[in-house]
Each structure stands twice: as C-alpha cells, then as structure tokens.
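This briefing goes through a structure by topic. Please keep the sequence and the 3D view at hand while reading.

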Amino acid sequence: MAETKQVMVPDIGDYKDVSIIEVMVKAGDTIKAEDNLVTLETDKAAMDVPSPYAGVIKEMKVKVGDKVSQGSLILLLESSDVASEPQAGKPEVPVAAAPAKSAPAAPPAAAAKTAAAPVAVQTSQPVVAGGKAHASPAIRRFARELGVQVAQVKGSGAKGRVTKDDVQLFVKAALAQPRGAAGGNGLQVLATPVVDFAKFGAIETRPLSRIKKIAGANLHRNWVTIPHVTQFDEADITEMEVFRKELGVEYAKQNIKITPLAFMLKAAVVALQKFPEFNASLDAIGENLVLKQYFHIGVAVDTPDGLMVPVLRDVDKKGIVQLAKELGEISARAREKKITAAEMQGGCFSISSLGGIGGTAFTPIINAPELAILGVSKAIIKPMHQDDTFVARLMLPLSLSYDHRVIDGAAAVRFTVYLAQVLADTRRLAL
Ligand code: CAO
C-alpha cells in the first residue's frame, strides 16, 4: 500500500541555512532510491541530496534559492516501498570545492575510481548526444572557468551526473593529449594562475574588443606554431629621405602624404622578387612551398580597437605615390572599422611599421600562412664610418621575423642586406 513519506534534508554537518542551487525533480516524477533531488551549496562545497526512498513525487516543498538546514522538508513522496528503510541519507560526495576541513592529502577516492575508468576522460565525443549534460550549476560554473564544455564530460555520479572529479580528469586528459605530430611532443604548459587581483588593490575589469580577441587568437596560434627567428639590420635612408621630402611637398597639394612606408612597400617587393622563398607559403601538409607570382603586402594598422592588417594588392604594379595614396585610404578605413574580411586576405608578406612612434627594434609575429614579416622602427641620425671619417646618416632599423622551417638564417640576412641596399639607393626600385 502506498504511503506518503516526508523527505528531509539529511545530516549535512555543521552547515545551516544552506542555499538550494538546483532542483532536479518535480511533482509527478517517478524516482528510485538514491536519485538526486536537490543540490545544496555552502561557501565551500556543493552537494547533491539523494532520495532515501523510491516512489512518485507528490509535492515539492522547496525551490531554487531556498535556504535549508538539516531536517528541512524537501518533498512529499508517495512511496509503494513501505518496507524499505530510509538510506543513511548522507548527501552525495561534494561536487564542488571540498570543504576545507576535509582537504585530502591524497587523490580523493572518487578521482581514483574514475581514473580507472577510461571512459571518464574521453575528450572528443559529447557524452549526452544532443542533450543536456547532468551537472549542478556549481559544476557548470567550475567547468566554465576551466573552459570545459560539460556536455563533453562523461559523468560518473548518480544518473551519469558530472562531478568535479570528472571535470578535473577531463582537463588532465585533455592536457595530456599529444598535439601535432605523433610521439607525444605536444606543447604542455601549466595553466595560467587564476589570481584575485582585487586582493592586492583596486581594479577595473574592461572587456577586450572583438578585434583584439580575434587578433589575439591568431597571434597566439602563429607564435606557438611557427619557429620564429628575427633578423635585425639597418638601412641608410639619408638619400631616400631627401627624395621623400621633395615628393611630400609636391603631393601635399593633392592631399597625399608620402611616408617612408610607401618606399618600404616598394623595396620589400623588389627584395621578394629577388628572394622568392619569402613570397611563399607552406601548403596544408607542410611539405611543399607554394611560391606566389603576385605581390600583395599586408600592412599592420594600429586602430583604437586593436591591430588590423589590410592587404595592399599588386604592389609590384604600383608606384610610390599610388601606394602612399592607398596606404592613407586603407589605414583611415581600418581606423573607421570599414575594412572587410576580404581586404585582409591574400597577403604574401607583411610590414609592421612603428617608426612613426619610436623604438629601436622589435620582434614582429608572422602573419600565417605568410613566411615573414618586416618590422620597421624609428629612423635616427647616427654617426657612420665612411672613408676614414664619421658622417651623419639617417639609419632605419629593420626587424625581419621569418619562419625558420622554410627560411635559413643566411637567406634572411641576405634578404635584409639587399633590402637595405634598395632603400639606400632608391634607383634600385626601378630595376
Ligand atoms: N622613422 C621615422 N619617422 C617615421 C617612420 C620611421 N620609420 N615612419 C613614419 N615616420 C614618420 C612619418 O614620416 C610621419 O611624419 P610626418 O608626420 O612628419 O610626415 C609620422 O612618422 C607618422 O607617420 P604615420 O604613422 O602616420 O604613417 P606611416 O605611413 O608611417 O604608417 C600606419 C601608417 C598605418 C602603418 C601607422 O599609422 C600605424 O598604424 N602603425 C602602427 C602599426 C602597428 O601597430 N604595428 C604593430 C604590430 S605588432 O603589434
């Protein structure tokens, strides 16, 4: 005969007025003994409360947000299982941070148990296909903080619920996965420490711009996947500067600003023509070099929202004045966020000029799938030794980062030496 039973919060230690953060059942549900009913969260731990009986839920007496203590009524259950004794009624193992007083020195038993079960650490297949993974909000929050999608974690708790140990094992397994080539030489690094900066003083949190997030992900990939080397050099641009200033006066009436960058674009193409392996990319399998017969150059533009790299097309077919004009237009449009994705594609080589600001040298990050990038810093007048005497020359610092998988150091320095020669004698631009 059915009997209505009261299901109450069991012994939860010293905790009182604990929040209910999840209710897993509702009136009308048929449940088995040990099915989880609610999740409680203290400041130190979250714990699931299982049902001591099997039966049909008649009425819920709590909701999310309620505060409960030992003995608080959770629900009324119509139990046909009259003979059954209530289970010990202890809440299930904590599912968030373990209470401080029970901090284990050795791995917790639950972790040891799941570690033995290989399915618990699978990383590729969602365990709950197309459905909702079973995990308490505390576990979801914990997983989110670690960048884990709960749906991908195999749950080892009751009814397949995902526990904290499951999430930790998932992360450990993911970190242990070899990336790239077989042989286990994947990059394995410590997680960046999570620091509560507010502990040390006042702070303000400001979200990164969309451009910074996208650029950041690309820069990170390029930095860790390409073996970069940076070759430094200097070009004597004393004569070039005289010519640039003359042109500047001439074209100011047409509102065209002739900066050193227009010359560098042209000189870079002359060097790329002489050293075609710099005007190339590795193919998708990384075993062939794709040599390009066009010369599209990306230019890093500093915008208030972050770095953008629009591409100037067919630089080999354009003169310095035309390039200066296009440079002015494209950088203005980048700063007004009017550049399309297509305008940032198809580059063969990039130039990042910080010379208008300052600096003596830097190590630019290659814009994959390109193989090299030229960094330009501020030209300064230096004493140079010529014909047994020192003369004042305007020297332009060059920083060429290149992909060492393809380009050897000797080739890189030949490239910068030649580039410097071209910039030193602009007649070579016509060759
Ligand atoms: N040495 C000395 N002076 C230089 C110089 C150099 N290498 N390059 C430019 N200048 C001068 C220019 O002649 C100009 O001087 P005047 O105003 O007296 O004529 C002034 O500096 C400003 O130039 P500019 O920066 O407006 O123009 P630009 O063609 O040199 O550069 C652009 C255009 C879009 C590349 C630049 O504005 C920019 O955004 N640079 C930053 C790129 C960047 O952020 N790179 C970092 C990537 S890695 O994080």
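The notes below cover the ligand shell, the strands, the salt bridges, the backbone and the surface.

This is a predicted model, in which local features need pLDDT of at least 70 and side-chain atom pairs count only at pLDDT 80 or more, while totals for chains, interfaces and linings use all residues. Residues are numbered from 1 along each chain as its sequence is written, and side-chain values use heavy atoms, with hydrogens and water left out.

**Ligand shell**

- The ligand has 22 residues around it, and T259, D302, R335, S352 and A379 come nearest; a residue is near a molecule or strand if one of its heavy atoms lies within 4 Å of it.
- Polar contacts are pairs of N or O atoms within 3.5 Å; within protein, one atom must be able to donate a hydrogen and the other to accept it, and residues adjacent in sequence count only if both atoms are side-chain atoms.
- T259 places a polar side-chain atom 2.5 Å from an oxygen atom of the ligand.
- For S352, a polar side-chain atom lies 2.8 Å from a nitrogen atom of the ligand, and for S377 a backbone N or O atom lies 3.0 Å from a nitrogen atom of the ligand.
- The protein buries 69% of the 970 Å² that the ligand exposes when taken alone; accessible areas come from the Shrake-Rupley method with a 1.4 Å probe, and for residues only the protein chains shown count as cover.
- At least two residues of the shell come from each of α6 (260–274), β13 (301–303), α7 (320–335) and β16, and α7 gives the most, with three residues.
- Helices (H or I, at least four residues) and strands (E, at least two) are DSSP runs, numbered from the N terminus.

- All five residues of strand β17 (residues 372–376) are buried, where buried means under 20% relative accessible area, exposed over 50%, and partly exposed in between (1.4 Å probe, protein chains only).
- A372, L374 and V376 lie on one side of β17, and I373 and G375 on the other, so both faces are covered.
- Strand β16 (residues 349–353) runs parallel to β17 and is joined to it by four bridges; two strands pair if DSSP finds at least two bridges between them.
- S350 has I373 of β17 as its bridge partner.
- Strand β19 (residues 389–403) pairs with β17 in the antiparallel sense over five bridges, and G375 is partnered there by S399.
- S399, in strand β19, is buried at 0% relative accessible area.
- A polar atom of the S399 side chain lies 3.1 Å from the backbone oxygen of F362.

**A four-strand sheet**

- An open sheet of four strands has the order β1-β8-β6-β3, paired antiparallel.
- β1 (3–8) and β3 (30–31) stand at its edges with a single partner strand each, so one side of each is left without a neighbour in the sheet.
- Two bridges pair β3 with strand β6 (residues 55–60) in the antiparallel sense, and the partner of I31 in β6 is G55.

**Salt bridges**

- The structure holds 18 salt bridges, each a side-chain nitrogen of Lys or Arg within 4 Å of a carboxyl oxygen of Asp or Glu.
- E59 and K61 form one of them (3.0 Å, N to O); E59 is partly exposed at 37% relative accessibility, and K61 is partly exposed at 38%.
- In the salt bridge of E326 with K318, the closest N and O atoms are 3.1 Å apart, and both residues are buried.
- R333 meets E343 in a salt bridge (2.7 Å, N to O).
- R333 lies in helix α7 and E343 in the loop between α7 and β16, so this pair ties together parts that are 10 residues apart in sequence.

**Backbone**

- Most residues other than glycine have a negative phi, and most peptide bonds are trans.
- The peptide bond from A368 to P369 is cis, with omega near 10°; P369 is in the loop between β16 and β17.
- D17 has a positive phi near 50°, and is exposed, with a relative accessible area of 54%.
- D314 has a positive phi of about 45° and lies in the loop between β15 (311–312) and α7.

**Surface**

- V195, F197, F200 and I203 form a nonpolar surface patch with about 440 Å² of accessible area together.
- Patches are made of residues with over 30% relative accessible area and no salt bridge, with like charges joined within 9 Å and nonpolar side chains (Val, Leu, Ile, Met, Phe, Trp, Tyr) within 5 Å.
- F197, in the loop between α3 (164–176) and α4 (210–225), is exposed at 53% relative accessible area.
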